[in-house]
Amino acid sequence: MSDPELPEQITARRAELDEVEELAEVRAERDELAVAERVLERMTGQLAEERASAAPMPGQVAGRAVMLIPHREPGVEEGSLPWDYQRIITAVRQAAGPVMAREVGEVVGVDVSVKAKLEPLRSKLVRLVDRGWLRKLPDGRVRAVTVTAPRMEALRGAGRPAPTQASPVPRQH
């Protein structure tokens, strides 16, 4: 009554269907990866646009584009900052610990008894923090950014020269 080849045929057909099922799973996963790839490309483009729009625009000096306070990055030395910003960084670096704007003002010669005279200094401190030259703590104090050898290697990249030491505080004339 029963065909002796029938169990073999059933087993063979089940194996064929298993392969088809695996193919369907592979196709579904491939489709998911294609969607993920498109989303990643879109997000990467959006992030690049956001970063470009958030980057400060350079000013014009003698017809050339310049950024007075550049971002801290490999190859950009403290010496490229205006002298008053160099003095601020040096004052923060020479402090025993994190400092408030008033303490920096005392060192760089700002009349700290007049609040309005501290505001330009606060603005410069914020700009230095935003550009990565100083770090602001949650309590509002600022401190110098320390760069360890491994971090400097990462910042510098392969084949770039090490940054030189910062020059002493320039004299005010």
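Analyst: In this predicted model, the side chains of Arg13 and Glu16 meet in a salt bridge, with 2.9 Å from N to O. Both residues belong to helix 1, where they stand three residues apart, about one turn of the helix. Arg13 counts as partly exposed because its relative accessibility is 46%. Glu16 is likewise placed in the partly exposed class, because its relative accessible area is 42%.

Helix 1 spans residues 6-54 and also holds Glu19. Glu19 is one of the residues in a surface patch of negative charge, together with Asp18, Glu21, Glu22 and Glu25. With a relative accessibility of 52%, Glu19 counts as exposed, because the exposed class begins over 50%.

The search of the whole structure finds five salt bridges, among them the pair Arg13 and Glu16. Another joins Glu78 to Arg93, and the closest N and O atoms of this pair are 2.7 Å apart. This pair links distant parts of the chain, since Glu78 sits in the loop between strand 2 (64-66) and helix 2, while Arg93 lies in helix 2, 15 residues away. Glu78 counts as buried because its relative accessibility is 13%, and the buried class covers values under 20%. Arg93, at 37%, counts as partly exposed.

A further salt bridge is formed by Arg141 and Asp139, whose closest N and O atoms are 2.6 Å apart. Arg141 is partly exposed, with a relative accessible area of 28%. Asp139 is also partly exposed, at 44% relative accessibility.

The setting of these pairs is as follows. The chain has five helices and four strands, which run α-β-β-α-α-α-β-β-α from the N terminus on. Of its 173 residues, 18% count as buried.

The largest nonpolar core has 20 residues, of which Leu81, Val92, Val104, Leu125 and Leu128 touch the most other members. Helix 2 (83-94), helix 3 (101-108), helix 4 (115-130) and strand 4 (142-144) each supply at least two residues of this core. Helix 2 gives the most, with five residues; helix 2 is also the element that holds Arg93.

The loop between helix 2 and helix 3 contains Val99, which is buried because its relative accessible area is 7%. Val99 and Val142 are 43 residues apart in sequence, yet their C-alpha atoms are 5.4 Å apart in space.

How values were computed: Residues are numbered from 1 along each chain as its sequence is written. This is a predicted model: local features need pLDDT of at least 70, side-chain atom pairs count only at pLDDT 80 or more; totals for chains, interfaces and linings use all residues. Side-chain values use heavy atoms; hydrogens and water are left out. Patches are made of residues with over 30% relative accessible area and no salt bridge: like charges are joined within 9 Å, nonpolar side chains (Val, Leu, Ile, Met, Phe, Trp, Tyr) within 5 Å. Accessible areas come from the Shrake-Rupley method with a 1.4 Å probe; for residues, only the protein chains shown count as cover. A salt bridge is a side-chain nitrogen of Lys or Arg within 4 Å of a carboxyl oxygen of Asp or Glu. Lys and Arg count as positive and Asp and Glu as negative; His and the chain ends are not counted. The place of a charge is taken as NZ of Lys, CZ of Arg, CG of Asp or CD of Glu. Buried means under 20% relative accessible area, exposed over 50%, partly exposed in between (1.4 Å probe, protein chains only). A nonpolar core is a set of buried Ala, Val, Leu, Ile, Met, Phe, Trp, Tyr and Cys residues joined through side-chain atoms within 4.5 Å.
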